[in-house]
Amino acid sequence: MPDRDAAWTRFEAAVAGAGPLTRLFEQEPGRLRALAVEAAGLRVDLSKQPLSAAALEAGLALAAAADLEGARARLFGGDIVNASEGRPALHMALRAEDGAGYRAAGDPVSGEVEETRARMAAFAEGVRTETIRGATGKPFRAVVHIGIGGSDLGPRLVWEALKPLQPRIELRFAANVDGAEIAAALAGLDPAETLVIAVSKTFTTLETLANATAARDWLAASVGTEGAKAHFAAVSANVGGAGDFGVAADRVFPFWDWVGGRYSVWSAVGLSCAIGLGWGAFHRFLEGARAMDEHFRAAPLASNAPVLLALAHLANRNGLGRPLRAVVPYARRLALLPAFLQQLEMESNGKRVAADGAPLKRPTAAAVFGDAGTNGQHAFFQLLHQGTDIIPVDIIAAAASDEGPAGSHAKLLANAIAQGEALMRGRTQDEVIVELQTKSVPADEIARLAPQRTFPGDRPTSFILLPDLKPESLGALIALYEHKAFVEGVLWGINSFDQWGVELGKTLASRVLAELEGGPAGDHDPSTADLIARLKG
Ligand code: F6P
């Protein structure tokens, strides 16, 4: 196998030597055809990324040197790709068709996936058709989904993206241990008409247990302790832990240790969405992701959307040293996508050692931020256009929309397209001068304004075009990013499926809490000790 480090060096050199994006379009007539691919109904256009033909070739050679195809086969084959936790990462099994026959570390899993899916479908439809009701006989009008991180961000994104304008069953979410969050989630709801779903892979997470306890007390105060059981469900890989919490066995929906939290929306973690949207819509969401799985598994690497999206990111991150990336969905309903991708990418690939523990030679995941377009244009886009750092942007848009006034969607799309063009083309000082001269601006004024109004350009964007914002497209979009993160992890040589970096803060928080609650003072630096002393009850 070719040497991975040498392949990296060649890729970085090819990217660094690619030259401006506009020149690449002049030099490479086949550029759009090579870098814009169709995948599971999505068009992924990476032609405004710093991948010259030579850089792309070097990137594909890097993929070969890293044995990406072998790694992909091990991922889909249910091998233990999460070595530090000794687990496969088999989220694709959750969205596979019945009878798919996935195996995790050799053990068949598709049967229990299908069984749980059938239970989810029956429960969701039971709640929706009002055959499943609360303790007082009233149908459920609201679902409060309690979970955090991977047990929250996916369902929250899916609900915001797909919820009807006037939902029959309202979904509320509570993640933060800030009491304001559960208070807001429960405010105005009638406990007799509310179903609470506690979602936690481990069922040990501080925030979720605190909020679930508060919600259970709120239910019990209205319908009694026994009655509250009819209003409570849990989703967990720790079925025993959910049972110990007092959730009735037939209300506990399992998932498995081979499902990473940030890859779990396809499991029973999506139960609240299945209730709110209906099983049919949730199933279509799974089908969209499955179509992307099939593309990722079968398409040649040179036209494989997750692979190309990953190479574009690596070109910016490693070839050009860019530590940030903006994600701007031109769809209000996708406003939570940046937050979802922050966990997916930064928790998966924010690592400084390789899977074997060796320190990495190269930077890994970029920090992700963003907001819905066009809102972001009136906030942080100034920096994207004229700031000192070049920050690549993912622009996401849906071709069709049937919401809102006629004409709004064209305005939205025009902005999405124009921003990509403006970031790449920029505007030279000469162009600014000519424009101001044609407006008869005085020469001294032109001299003063021209530098301010110049745009350097050559700022890269990816454009991901969904046909619409329907369940299939959303499923395909999320799976696209999941596989992109996997490809990046393989090329960097890291384990994308563990998250040890979140542990230290949790451990120290429990020590600090003990002190805030009156326990003996611990050994702290002066600043930390001062904060504890000031805030101690
Ligand atoms: O703190 C990070 C994390 O472990 C995430 O990886 C996970 O999605 C989240 O906490 C919630 O964990 P759980 O689902 O076990 O409550």
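## Nonpolar cores

In this predicted model, the largest nonpolar core has 113 residues. The members that touch the most others are Phe11, Trp258, Ile275, Ile464, Leu477 and Leu491. Helix α20, residues 471–492, supplies the largest share of this core, with 13 residues.

Apart from neighbours within four places in sequence, Trp258 is in contact with Pro88, Ala89, Leu90, His91, Ala93, Leu94, Ala104, Val109 and Val113. There is also a second, separate core of 23 residues, with Ala142, Val144, Ile146 and Phe245 among them. In soluble globular proteins, nonpolar side chains tend to be buried together.

## Helices α1 and α14

Helix α1 covers residues 4–16 and helix α14 covers residues 305–319. Their axes come within 9 Å and cross at roughly 85 degrees, so α1 is roughly perpendicular to α14.

On the α1 side, the contact is made by Trp8, Phe11, Glu12, Val15 and Ala16. On the α14 side, Leu311, Leu314, Ala315, Asn318 and Gly319 take part. The residues of this contact divide into 7 nonpolar, 2 polar and 1 charged.

## Asn349

Is Asn349 buried or exposed? Asn349 counts as buried because its relative accessibility is 0%. This residue lies in helix α15, residues 337–349.

Leaving aside neighbours within four places in sequence, Asn349 is in contact with Thr364, Ala365, Ala485, Glu488, Gly489, Trp492, Ile494 and Ser496.

Terms used
Residues numbered from 1 in each chain as written. Predicted model: local features only at pLDDT ≥ 70, side-chain atom pairs only at ≥ 80, totals over all residues. Heavy atoms only, no water. Axes fitted to C-alpha atoms, helices over the stretch in contact; angles between N-to-C directions. Helix = DSSP H or I, 4+ residues; strand = E, 2+ residues; numbered from the N terminus. Parallel < 35°, antiparallel > 145°, perpendicular 65-115°, else oblique. Contact = heavy atoms within 4.5 Å. Nonpolar A, V, L, I, M, F, W, Y, C, P; charged D, E, K, R; others polar. Core = buried A, V, L, I, M, F, W, Y, C linked by side-chain atoms within 4.5 Å. Buried < 20%, exposed > 50% of the residue type's maximum accessible area, 1.4 Å probe, protein only.
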